[in-house]
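Subject: Structure for you to look at

Hello,

I am passing on the structure we talked about, and I would be glad if you could look through it with the notes below at hand.

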Amino acid sequence: MKNAEEKWEPKILAFLCNWCSYAGADLAGISRIQYPPNIRVVRVPCSGRVNPYYIIKALQRGWDGVLVSGCHPGDCHYISGNLVARRRFAVLKDLLEYFGIEPERVNFSWVSAAEGEKFANVVTDVVKEVKALGPAKRLVKR
Amino acid sequence: MKWKTIEKRNFSALVEELAKENEVIGPLKEKNTVTSVRITSENEVCLDFWNTKKPPKEVFFPQTETLFTYRTSKNDAEIIESPAIRKKMVLVGVRPCDSRSLVLLDKFLSSGEHKDVYYLEKRKNATIVGLACNHPLSTCFCTSLGGSPSGKEGMDLLLQDINDKYLIQTVTEKGEKLLEKISWLKDAKKADIEKGKKLSSDAEAAVRSKVSLSDVSEKLDKMFDDPFWDQICQKCLGCGVCTFLCPTCCCFDVLEEGEERVRIWDSCQFLCFALQGSGHNPRPSGKERMRQRIMHKFNYFVKNYGKSFCVGCGRCVQECPVNLDIRDVVKTISARKVE
Amino acid sequence: MENFEDSIREVAEKLLRDKKVDLIIGYEQGTLPLRTTPCFVEKLEDVKKLVWNASCDANLSKYVVGKKEKVGVVAKGCDARLIAVCAVENQIPRENVVVIGVPCQGVIDRKKIEAKLEGKEVLEAVVKDEQIKVEGEGFEVVLPKKDFLCDSCHTCRHRNPPIYDVLIGEKLPQSTDKNEFAEVSSLESKSTEERWEHFKEELSTCIRCYACRNVCPLCYCKMCFVDQSMPTWFGKTNDLSDTMIYHIVRAFHVAGRCVDCGACTRACPMAINLRELVKKTEKIMKERYNYEAGLGLEEVPPLGEFKMEDSQEFIK
């Protein structure tokens, strides 16, 4: 049993915006920067495209953590998609925490196309934090 | 018919005795309300209540129930039936209106070509120990629907609170058998039985809320297109309080939950209840949905089974968020002139 | 209060007679003690049905959304605020509604009275001079009204309707010293674990009847997310995960719009404290964006706009 726990690796679902963070992840790859292989990437046109349902649904389906990443404020390909998203995420994150969902499971970041290193750091951080929490239980359905 | 008595303080011993061979389900006080739940050694049956917040239907027809599970592979699918065999159940403290509702549900879910095996399987294994009402509420109108505060319909045993003890009346053989094993119950004295009868007739008289149903079904026949429905549905919110808390409402929806086929309670008051795959909704507004509920209870069911599909428990009257009183609706129908 | 009732009837009659409106939405006496029920008056002779008392708790703005005719509606402070929110969201054409504003001194929470009486049934109740006299079989008690108001009314800071066309009576002084977020703050001070256990217990009794949703004037979606089946977002079972998610998303959907009218809490047949769930969204909006919903018609909903300098301490 103990062995199984030690072997457990968290699964993180990452929504990356097409114009910045996805390219940032790409850069991390091309530059051969090491980061944990625990994320599965969904490419979205913009962080503003990420419906809160996606995040909640991921938690219900048993993903141990979620990461949403987009362009830095001011850099959005669609001018203000990430700024609208920022408010939405702020409310969602506060609310989920209030309902008792561990805040470390829901993560947001700004990573530009030039920030391969930052992308690797963000993922490393998120994986480390979620790993410390253990497998998701609270919103997981059966 | 046999009459027994049990001291109130010994009642938990009786429950303990029953729990040896049965799963005992009874009313329990939780967060200011009384709900029916499985009785374990840590909690004690509470028989000092008006009626449970939720009716006993959920014991036989749970809000969420897995019908079967399945595994699919590339070319094949395997169905895994839910285990049907259950422990014997004893429901304690079922009020006469609710016990009557089970009789109506039995009829409804067992007649015709397709029987609801999930319901009937559980029902078959259950013994109902009723509890007569000595103090009906102002919202109770069971007598208008053919029930009574000390009615025995659907029960195997009937308990009645006669101050310091419960008077136990056997109603069916099943009930008698249940008591056979409990040797320490005392036979009822004549005075106890008399006292019980007096309390019953007092309770019967205390049901002051009356609704006349004599011509309602007939009138409804001619009222399908009546403008009355437009008025009556105005304040209805279309929520499911009345139907979910109703002891007789048993509509359900079937869902896929992963590799499980699940059924959940559904309500004719919901927008999506009659919504079809094409996008067409034959009951697009509150008017049609309200009409369906009233028609089903006081017309269609009467035609099919000879009785109204309402037992007068008053739950919908008490809990409707906007105080849309079904007694008023029936009264208005009754008073309406139709040609 | 009785004067209020007369004035409401007078105003309603005048509006109907002058053909300013086709329909008046108000309250009439209910069938149970301490209950009123929404009343729809189209004919002059029905105006006398209208009442006003401390049990006028339904949020009538619910019925204004989607009405095509010209409507006059009796609105307390919170009702009027919701009319403003819905008008801002283009759900109520402001010019079609005559708001009959009523300064409100709070509505009675009958669940609190029921709890106080420990199961004894109220057969008659009279509210007079800040006192509630309740009678039942073999008992009669007088209760101070202020102790039996809805939680929302206890901390209400907008007793006067912020928008109205006709005002009944005179404006009440606004109280400002009440901490409306006390409950939320005390929950916030607990650990995530404790909060989860708390909400788990609270919501375990939910029967998914959607009374909280359907009673809410803000829940006007033609198809609620929980009813959607193409695709199905979330399940409709009463499994804890499904129930919890329904309540989380509902709270999210009313964020920046909810005015804490308390209708959801009053509507819940299982006595779940829904206020505690949605009140948090109000706190978030206030703290993050200094926004309070429903105070005017020129407002921009906070989730419909942004500022470059919005807080982003949570972003890595």
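Predicted model: local features only at pLDDT ≥ 70, side-chain atom pairs only at ≥ 80, totals over all residues.

What follows is a short account of how the chains meet and how some of them are built.

Of the 2 pairs of chains in contact, it is chains A and C that share the most contacts, while chain A and chain B do not touch, their nearest C-alpha atoms being 10 Å apart.

Taking chains A and C together, 34 residues of chain A are in contact with 30 residues of chain C. On the chain A side, the elements that give two or more residues are α3 (52-60), α4 (81-98), β4 (106-110) and α5 (116-133) of chain A, and the largest share, 14 residues, comes from α4(A). Sorted by class, this side of chain A, the one that touches chain C, holds 18 nonpolar, 5 polar and 11 charged residues.

Chain C also meets chain B, with 28 residues of chain C in contact with 30 residues of chain B. Here the elements of chain C that give two or more residues to the side touching chain B are β2 (36-41), α8 (211-214) and α10 (263-267), and β2(C) gives the most, with 3 residues. By class, this side of chain C is made up of 14 nonpolar, 8 polar and 6 charged residues.

Within chain C itself, the assignment gives domain 1 (2-109 + 149-304) and domain 2 (110-148), and the C-alpha centres of these two domains of chain C lie 25 Å apart. Where they meet, 8 residues of domain 1 of chain C are in contact with 13 residues of domain 2 of chain C, and the side of domain 1 that touches domain 2 divides into 6 nonpolar residues, 1 polar and 1 charged.

Turning lastly to chain B, you will find 12 helices and 12 strands in it. Its radius of gyration is 22 Å, which is close to the 20 Å that the globule rule gives for 339 residues, and chain B is therefore as compact as a globular protein of that length. Along the principal axes, the C-alpha atoms of chain B fill a box of roughly 65 × 65 × 40 Å, and 43% of the 339 residues of chain B count as buried. Among the contacts in chain B between residues at least 6 apart in sequence, 71% join residues at least 24 apart.

With best wishes

Definitions and conventions. Residues numbered from 1 in each chain as written. Chains lettered and ligands numbered in written order. Domains from an automatic or database assignment. Contact = placed C-beta atoms within 7 Å. Nonpolar A, V, L, I, M, F, W, Y, C, P; charged D, E, K, R; others polar. Helix = DSSP H or I, 4+ residues; strand = E, 2+ residues; numbered from the N terminus. Rg over C-alpha atoms; globule rule 2.2 N^0.38 Å. Buried ≥ 20, exposed ≤ 12 C-beta atoms within 10 Å, placed from the backbone.
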